[in-house]
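Let's take a friendly walk through this protein together. Have a look at the model first, and then we will visit a few of its details.

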Amino acid sequence: MCAVKGYPFKVVSSDAFAPEKLNTIRAFGADVMIVPSVGGNITPDLIPRMQEEARKLAEQPGTYWTDQFNNTDALAGYAGIGEELVQQVDGPIDAFCGGVGVGGMLVGVARALRAAGSAARIVALEPASSPVVSTGKAGTHHVEGVGVGFFPPLLTPGTYDDVRAVDEEEARRTARLLAREEGIFAGTSTGLNVAGALAPARELGPRRMVATVAVDTGLKYLTGNL
């Protein structure tokens, strides 16, 4: 959008995230500021340090900061996924599972499902190596897009019913299986979503509907450990 409109665009990111993502952003003409990570990992202090750099940039005249952790527009933006599920799924949805980073996707979908009268159980997913939502304890991990190291403000009480922690290696194994057996080529956070959805699906049993989201393409992670 900024490329089309001619707005200068600055992105605060880190070397903990896939170089393919960073290079794609640069290809659109953005100025990418890199906040150094510890060993290429997402540590509890990394996202807050990135936020602090964004705050400093936002103090410059003529600057608008999207501030995604506090931007409730995301909830309306992600509601479309919930609306599509209601329209396209034949029968009731028993559970919706989604990884939590900012929290906008899970909460936006949950709101849309509930507005449509769905009684789906909303399950928040996070890396077992940084189970902030389930235990309050942050840790080091490498699943991009989730596990930000603190409780995201958009994930307010009552917006989800349950939380599950998923092992990182299980997430990666699931991502590989998705490509080889289902033809779905996606990243580790998608593997986490699907692995996290399979657990309640097994518990609920046959002929029950559990939904989740395949987040992005695996092309972004070809040089990483996936």
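## The cavity

The lining of the largest cavity has six nonpolar residues, four polar ones and one charged one (Ala, Val, Leu, Ile, Met, Phe, Trp, Tyr, Cys and Pro count as nonpolar, Asp, Glu, Lys and Arg as charged, and the others, Gly among them, as polar). Among the lining residues are V100, E126, F150 and P152.

## About the model

This is a predicted model, where local features need pLDDT of at least 70 and side-chain atom pairs count only at pLDDT 80 or more, while totals for chains, interfaces and linings use all residues. Residues are numbered from 1 along each chain as its sequence is written, and side-chain values use heavy atoms, leaving out hydrogens and water.

R164 sits in strand β5, residues 162–166 (strands are DSSP runs of E, at least two residues, and helices are runs of H or I, at least four, numbered from the N terminus). Is R164 buried or partly exposed? With a relative accessibility of 21%, R164 is partly exposed (buried means under 20% relative accessible area, exposed over 50%, partly exposed in between, with a 1.4 Å probe and protein chains only).

From P48, R164 is 116 residues away in sequence and 24 Å away in space, C-alpha to C-alpha.

## Meet T174

T174 belongs to helix α7, residues 168–182. T174 is buried, at 11% relative accessible area. Leaving aside neighbours within four places in sequence, T174 is in contact with G191, V194 and A195 (contact means heavy atoms within 4.5 Å).

Key. On a 1 Å grid over the protein atoms alone, a cavity is a set of points where a 1.4 Å probe fits but cannot get out, and a pocket is an open set with protein on both sides within 12 Å along at least five of seven lines; lining residues have an atom within 4 Å of a point.
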